[in-house]
Amino acid sequence: VSTIAFDAAIDLGFQTIILVGQDYAFKAEQFYAGAVSESDRIEMKRVIETRSLIEVEGYYGDTVYTTLDFGTYLNWYKGRIDRLNGQKVINATEGGAKIQGTLPMPMEEVYAQYGGNGWRFDTYWSQIPYIIAGKDEQEIYYDILKKKYRELEEF
């Protein structure tokens, strides 16, 4: 989804594209979040060895680990960014793997520099009408999804 959105932003002519949530990695000796205990370190070492995780440069210049599929996304972004015509790509993820060709920038700084024009996402979001209007309509679609799920199980 993020690669499609990235390509759409390019095709729409945006000169500055801001990536958020594109971490694509594990911290060394740690899963996504939380304190690191000795058992966490042992488990992470096991995961690294059994899942063929690879070392990559982290957002902060440290070493992080990524999976082969995440590595593919990192390579895709690098290749796509290399072909841009002057657009700036900011990585505001604040962690994870470094995405080559992006400018790392904390989200607070991104907002201060690019979001201070009065546009508020929460206001915009609250004005979007629901696609499925009411409870009755939600139940209809839920029943359709349950039926499709049963068909998939049978298949």
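Me: How many bridges join S1 to S5?
Reply: This is a predicted model, where local features need pLDDT of at least 70, side-chain atom pairs count only at pLDDT 80 or more, and totals for chains, interfaces and linings use all residues. Residues are numbered from 1 along each chain as its sequence is written, and side-chain values use heavy atoms, with hydrogens and water left out. S1 and S5 run parallel. Bridges joining S1 to S5: 4.

Me: What is the bridge partner of leucine 19 in S5?
Reply: Two strands pair if DSSP finds at least two bridges between them. For leucine 19, the partner in S5 is asparagine 91.

Me: Which strands are the edge strands of the sheet?
Reply: The sheet is open, has 3 strands in the order S1-S5-S6, and pairs in parallel. An edge strand here pairs on one side only. The edge strands are S1 and S6.

Me: In what order do the elements of the chain run from the N terminus?
Reply: Helices (H or I, at least four residues) and strands (E, at least two) are DSSP runs, numbered from the N terminus. The chain has 6 helices and 6 strands. Their order is α-β-β-α-β-β-α-β-β-α-α-α.

Me: What percentage of the residues in the chain is buried?
Reply: Buried means under 20% relative accessible area, exposed means over 50%, and partly exposed lies in between (1.4 Å probe, protein chains only). The chain has 155 residues. The buried part is 26%.

Me: What share of the contacts with a separation of 6 or more comes from residues 24 or more positions apart?
Reply: A contact means heavy atoms within 4.5 Å. Among contacts in the chain with a separation of 6 or more, those between residues 24 or more positions apart account for 57%.

Me: Which elements do the buried residues of H3 pack against?
Reply: H3 covers residues 68-82 and reaches 21 Å from its first C-alpha to its last, close to the 21 Å expected at 1.5 Å a residue. That expected span is 1.5 Å times one less than the number of residues. Its buried residues are Gly71, Leu74, Tyr77, Arg80 and Ile81. They pack against H1 (2-11), S1, S4 (63-66) and S5.

Me: Which residue forms a salt bridge with arginine 80?
Reply: A salt bridge is a side-chain nitrogen of Lys or Arg within 4 Å of a carboxyl oxygen of Asp or Glu. Arginine 80 is buried, at 13% relative accessible area. The closest N and O atoms of the pair are 2.6 Å apart, and the partner is aspartate 7.

Me: How many residues apart are aspartate 7 and arginine 80?
Reply: Aspartate 7 is partly exposed, with a relative accessible area of 24%. This residue sits in helix H1, while arginine 80 sits in helix H3. The pair links distant parts of the chain, and the separation is 73 residues.

Me: Where does glutamate 57 lie?
Reply: Glutamate 57 meets lysine 98 in a salt bridge (3.7 Å, N to O). The two are 41 residues apart, with lysine 98 in the loop between S5 and S6. Lysine 98 is partly exposed at 32% relative accessibility, and glutamate 57 is partly exposed at 38%. Glutamate 57 lies in strand S3 (residues 54-57).

Me: Why are aspartate 143 and lysine 146 separated by about one helical turn?
Reply: Their salt bridge has its closest N and O atoms 3.6 Å apart. An α-helix has 3.6 residues a turn, so residues three or four places apart point the same way. Aspartate 143 and lysine 146 are about one turn apart because they are 3 residues apart in helix H6 (residues 135-154).

Me: Is tyrosine 24 buried or exposed?
Reply: Tyrosine 24 lies in the loop between S1 and S2. Its phi is positive, about 50°, although tyrosine 24 is not a glycine. At a relative accessible area of 8%, tyrosine 24 is buried.

Me: What is the relative accessibility of glutamate 94?
Reply: Glutamate 94 has a positive phi of about 60° although it is not a glycine. Its place is in the loop between S5 (88-91) and S6 (103-104). Glutamate 94 counts as partly exposed, at 37%.
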